[in-house]
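Please open the model in the viewer and keep the selection panel at hand.

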Amino acid sequence: EEEDQPTEQSKCSIFRSIILCLCLNLTYANVVRFPRELQRHGSAFLVPYFTLLFVIGLPIVLLEVSLGQFLGQGSAHTWRASPVFKGASFVGRIASWLSAIWTSLHATVAFLYIGMLIFKSVPFNYCANLKRLDDGYTAVGKSGQDCLKLTFLVPVWENTLYFGLLTMALIVLWIVSMVCTHSSKVVRRTIFTFGLIALVILLLQTGWEISRSITLQDLPSVWPFDESVLGESSIWFNALVQMIMSTNIGFGAIPVITGKYLHKRDAVKTAFAYICFNILITMIAVTYFVFQFHNPFAETAVHFPELAALTAIYDHAQTEMDATLARVIPGVAYLGVMIVAGMSIVIHIYTASRILRKHPNYTFAFGAVIASIVALIAPEFAAARLMDSRFVGAFIICALIVDILAIMWIYGAKNIYTDLEFSIGRPIVKVWVVLWVITPILLAGILAWWAVIYTPSELLIEYMPRWLPIVISFGIIVIVACVEVSKQVDYNFISMIRGAAKPSKDWGPADPLVRHAWKQWTSKCEDTGERDFTLRRRGTKDYTNSIKRGQYPHSKYNGQNRNTSTPGSSSPNYSGSVFGDSAIEEDISVDKFQNFRQANLGTFQHDQSSSPRTSEVSNGGPHSELNPRLYTGAHLNASRIEILPQDRPNYKISLVRNPMARVQDVPQPNFTQRPYHDNYDHFVGGYDKTDHICWRKYSGNSEEYSTEL
């Protein structure tokens, strides 16, 4: 049973990772926004979407997953590869924050629909016209778009009731979001809980619509395919924005979440699983909304295109003959919309707050509440529409362009290739690197093509030109770059720019042991070009299996085995080294000194001693001895190595000991201590004055082994 326990834990961990990848795709962008864009552009929208998904989306997902696992921290500090472009990360977090704001505005509209469905019948009284019949009158409902204009989105100066209801709904929603982003543990549980509930609701709603349509023999037709729109810049830009929002790339969400929860999983498999779940969820959502858009009001005027999916649910409810089902079915649908919107808000706020050191999620949420209430005052829902269709899309594309440029072009494709090889544990297919390098060019081309085209018929063109968000985003990047350059201390401005473009000293894995192994890996690759792929990160399946077998996999070079006799290497918490023994043993090994050898090594306890090991070195120079000492006090388990030249038995050259242990000197016969000056005029005196190289901590529990400089 004990042998099967690691395997069961590994399977449970894999299952949690799969569920997390699934739940991360149950967002507002996938469930609601994607069917809305498909309704607006027709089936032709799928061509640029899937083209961009596999050419740009999948490579960037793989890059962000790999970087998140490589950095291994809960903050997406990818800007440390080139601090001069730190502004790109700020722009991405601003886009994430703005995305949470407009999503919350859509969620509150769904909340008001739920309230109206509880207390009112369909169609609503304020959204119906009386039609005279032979035997009386009947209520004929208006379209959902017209109903929104008359009720929820009426200007505040005309009716304050709905504005007050929307404001209260926003406050409640953001209070819940504050609680859900309190800590990483709460965020993980929120993602699992909300995601699974949303998945159940989506599957039940889709199954109900399919079975009912088959029963009534009223299957809807798919959206028409118009190949002429493929030559327009709007459809490619909107497909790019939708792909970015669906996959959450550029916001920093993937590096943050993978660095926190998925750092032990295979990066390539995780990226492919993430994309597969993304396609699956979007296809289920499209299937559901095909039935919602199949209603008599589909051809009516659209006042709020960004809310077309929400109004389609209300329009479809008006075709229901059963009064109870006309209220229950759309009510459950709007509940699902609120849950996926809450998922998106939690992910975006948690991601945006990670950019700062103290992670002020409460501050971000409070600012979002104020901004959301102010956005409600704007007529025609213009503020939310601008954030959805203008600011967020342009900001996140600009952030992606600069961020990938900084990593692949400034930091260097070769360097990032080596770093990700270390993180993944095997060579990377060069095709991915090529796609990473050309991705900024593709993104910049689509963005420039969209910005220079003027479309007079566009609804939002009167509020803001297309190029303005691009100018604002690059302005933020330039300002932050100037701040980073000004922090450099150098002789001229060019040197300051070069200094700011170099990787930060904090770039690399956050875990100290992994960081040390990464330093060894990088230096070995630079010096010899050799790569050791027997490295297994702690906690991975390969590492667990090696510990289960009682072995730790060590490297082999040119058919020669490295020394694997490091004490404590069988401990589960021993990180090991990329190249066999840890670097600390290699640094203090007497084999590096031509005139010395280590004669004895042992661990001594109170009133007893163990048999020392003896190792000989086949050289003709002077030899060294180890003088055992008696250790007493709280730290009874301690090892000590004294390297002494045999031709100078009374002089010590260096000492390795545990400085925390209490030492009781035991005089040795015929031994007189005298000071000795080496070639560097370095005084090394008695036992109490010897230089300290490094020390080790031992405890009664063999799993708590560690080595520290």
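**Cavities and ring pairs**

In this predicted model, eight cavities of 30 Å³ or more are present. Begin with the largest cavity, whose volume is about 180 Å³. To centre the view, select E64, T78, G250, L400 and D403, which lie nearest the centre of this cavity among its 19 lining residues.

Next, colour the helices α3 (46-71), α4 and α14 (382-424), the elements that each give two or more residues to the lining of the largest cavity. The greatest contribution comes from α14, with five residues. Which classes of residue form the lining of the largest cavity? Eleven are nonpolar, five are polar and three are charged.

Now turn to the aromatic rings. Across the whole structure, 21 aromatic pairs are found. Select Y113 and F152: their planes stand at 85 degrees with the ring centres 5.1 Å apart, so this pair is edge-to-face. The two residues are 39 apart in the chain, with Y113 in helix α4 (residues 86-119) and F152 in the loop between α5 (144-150) and α6 (160-180), and their pair thus links distant parts of the chain.

Finally, select W79 and K86. Here K86 lies over the face of W79, 4.4 Å from the ring centre.

Notes:
Residues are numbered from 1 along each chain as its sequence is written. This is a predicted model: local features need pLDDT of at least 70, side-chain atom pairs count only at pLDDT 80 or more; totals for chains, interfaces and linings use all residues. Side-chain values use heavy atoms; hydrogens and water are left out. Rings of Phe, Tyr and Trp (its six-membered ring) pair if their centres lie within 6.5 Å; planes under 30 degrees apart count as stacked, over 60 as edge-to-face and the rest as tilted. Helices (H or I, at least four residues) and strands (E, at least two) are DSSP runs, numbered from the N terminus. A charge sits over a ring if NZ of Lys or CZ of Arg is within 6 Å of the ring centre and within 35 degrees of the ring normal. On a 1 Å grid over the protein atoms alone, a cavity is a set of points where a 1.4 Å probe fits but cannot get out, and a pocket is an open set with protein on both sides within 12 Å along at least five of seven lines; lining residues have an atom within 4 Å of a point. Grid points are joined across faces, edges and corners, and a volume is the space filled by probe spheres set on the points. Ala, Val, Leu, Ile, Met, Phe, Trp, Tyr, Cys and Pro count as nonpolar, Asp, Glu, Lys and Arg as charged, and the others, Gly among them, as polar.
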